[in-house]
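This briefing covers the fold, the overall dimensions and one surface feature of a single protein chain. The sequence and structure come first, followed by short notes grouped by topic.

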Amino acid sequence: MPTWPTTNSMPQVLPIETTEKSDPNIVQTQMDVGPPKFRRRFTSIVRHIQVPSSRFLLTDAQRNDLLSFHDSNCDGGSLAFDWGSTGPMPEFDGNTTQQFRFEGRPESLCIRGGTADERLYQVTLKLEITP
């Protein structure tokens with residue numbers, strides 16, 4: 001399984017303002033008499049993570065590494081990858097490796113032009129944490 005790249009000082013931390021949501025996991029059944037019943041739909045659910053582009057800034061080399069990782073190592077985003085990330089959520093303690101999968105190709109916006117050494121990008125990253 002691929003592992004999140006560490007080349008060119010790739011960020012190893014999910015930044016502040018990273019959002020998390022999950023798919024609905026409750027089914028409601030109306031009863032003939034009395035209140036409705038609720039039950040879990042699945043025993044585990046996929047969690048969706050969105051990294052805000054304003055906080056995920058990459059150099060030209062880092063952006064190229066990220067896109068290469070997505071396209072080659074993760075087979076266009078079809079393969080999950082391991083990342084021992086730290087970040088704003090408690091389970092990202094840097095000691096526990098999580099399995100992630102890309103939800104689409106990372107999007108980038110050049111916010112500073114110039115030579116390859118001077119360029120800077122805001123990158124939007126959408127990931128799933130697989131159960």
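From the N terminus on, the elements of the protein chain follow the order β-β-β-β-β-α-β-β-β-β. That makes 1 helix and 9 strands. The radius of gyration is 18 Å, whereas the globule rule gives 14 Å for 131 residues, so the protein chain is more spread out than a compact globule. The model is predicted.

**Dimensions and contacts**

- Taken along the principal axes, the box filled by the C-alpha atoms of the protein chain is roughly 70 × 30 × 25 Å.
- Contacts between residues at least 6 apart in sequence were sorted by separation, and 65% of them join residues at least 24 apart.

**Burial and surface**

- Buried residues make up 35% of the 131 residues of the protein chain.
- The protein chain has an accessible surface of about 7,800 Å².
- Carbon and sulfur atoms account for 49% of that accessible surface.

**A nonpolar patch**

- L57, L109 and I111 together make a nonpolar surface patch of about 260 Å².
- One of these residues, I111, belongs to strand β8, which covers residues 107-112.
- I111 counts as partly exposed because its relative accessibility is 41%, and the partly exposed class lies between the buried limit of under 20% and the exposed limit of over 50%.

Key:
Residues are numbered from 1 along each chain as its sequence is written. This is a predicted model: local features need pLDDT of at least 70, side-chain atom pairs count only at pLDDT 80 or more; totals for chains, interfaces and linings use all residues. Side-chain values use heavy atoms; hydrogens and water are left out. Patches are made of residues with over 30% relative accessible area and no salt bridge: like charges are joined within 9 Å, nonpolar side chains (Val, Leu, Ile, Met, Phe, Trp, Tyr) within 5 Å. Accessible areas come from the Shrake-Rupley method with a 1.4 Å probe; for residues, only the protein chains shown count as cover. A salt bridge is a side-chain nitrogen of Lys or Arg within 4 Å of a carboxyl oxygen of Asp or Glu. Helices (H or I, at least four residues) and strands (E, at least two) are DSSP runs, numbered from the N terminus. Buried means under 20% relative accessible area, exposed over 50%, partly exposed in between (1.4 Å probe, protein chains only). The radius of gyration is taken over C-alpha atoms; the globule rule is 2.2 Å times the number of residues to the power 0.38. Contact means heavy atoms within 4.5 Å.
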